[in-house]
Amino acid sequence: MTTIDYSVWDHIEVSDDEDDTHPNIDTPSLFRWRHQARVERMEACHKKGEDLERNLTESRRKLQEAQKKVQELSLLNTEEAKKQLVKAQEEEKRLKKEERSCEKKLEEHQREERKMPWNVDTLSRDGFSKSVLNVKPEVKEETEEEKEEKHKTFVEKYEKQIKHFGMLRRWDDSQKYLSDNPHLVCEETANYLVIMCIDLEVEEKHALMEQVAHQTIVMQFILELAKSLKVDPRGCFRQFFTKIKTADQQYQDAFNDELESFKERVRGRAKVRIEKAMKEYEEEERQKRLGPGGLDPVDVYDSLPMEMQKCFDEKDIQMLQETISKMDPTEAKYHMKRCIDSGLWVPNSRTDDDAEKEEKEEEPQSNSAR
């Protein structure tokens, strides 16, 4: 059976006109003073909350500017820039402490505000100002062509930023970079990093592949966390870094296990890609070698008897003719046809050359005879 919790009613402040007063006291005036004092307390509390929120917003704005300055100075290599970078990093550190202090003060104030007893003014406030129908919006499923076009457009626009994120090493650096570029927290970034890992492994840049693989799993863990919480990934990536940096051993072990599994999958995919590329290259080379009859001269040479192979190795036509004359005519004909079809042997080429040469030598003699 469902029970109703009435404990909330224990923290209601009585109305100003509920209790009895002494006959000699001006009761209406007392009630007005009480109400005015309570309203002033509520207004002061509300104003304090607004001031704390304003301070936090301003602190975050200054921190964002400082982080941007650090990022810009880190790209410069001059001595002056390095000195300024040290100062900017110190300022960034100070502003981070200030931001945490503001967040803590606001949280404490909100807790105190929730503890304040209800009264006639707060009880009479509207709980809802509008009605909302709980209708789940219809989500249109993207086609493969639309997904591919979306990925292509995203990569063309943010490829440089994705690569930069892939090269980061420290948790704090990754969190800061995503804070400055929240649009990177998405499936497109994760997909590009996967392809980048495979490319690096194919190029035998193993150490670099392992670094980018780490960042790939970071992005995939953020996306999985967003799915489990049913929120936008851009709104929960800080939670991931908080959890992974607090040395939660079980979470850290799960992360490391997935990272090692992913690197093995990348190596496997890279191996398959290399083997496929080698096969395609070998096939292209084979097609280039094919003779007029469509046979591969390498295959035909390997199938020849050792005596015939020796003739081709030494390029001795006389030896080849003698070898063929000693062979079975059917077998000799079979091998010679294959040699012709593969281009190992070009028939009548020498005879034609000799005939042409003889024709040229005979030409002057015939003229002189005339």
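This is a predicted model: local features need pLDDT of at least 70, side-chain atom pairs count only at pLDDT 80 or more; totals for chains, interfaces and linings use all residues.
## Overall picture

Residues are numbered from 1 along each chain as its sequence is written, and side-chain values use heavy atoms, with hydrogens and water left out.

There are 14 helices and zero strands here (DSSP runs numbered from the N terminus: H or I of at least four residues for helices, E of at least two for strands). Of the 370 residues, 27% are buried (under 20% relative accessible area; exposed is over 50%, partly exposed in between, with a 1.4 Å probe and protein chains only). Among contacts (heavy atoms within 4.5 Å) with a separation of 6 or more, 66% link residues 24 or more positions apart.

## One side of α8

Helix α8 covers residues 237–245, and its F237, F240, F241 and I244 are buried. They sit on the same side of α8, because they cover an arc of only 95° around the axis (taken from the directions from the helix axis to the C-beta atoms). The buried residues of α8 pack against α5 (171–180), α7 (206–229) and α9.

## K263 in α9

Helix α9 runs over residues 249–289 and holds K263. This lysine is buried, at a relative accessible area of 8%. Beyond its neighbours within four places in sequence, K263 touches M209, E210 and A213.
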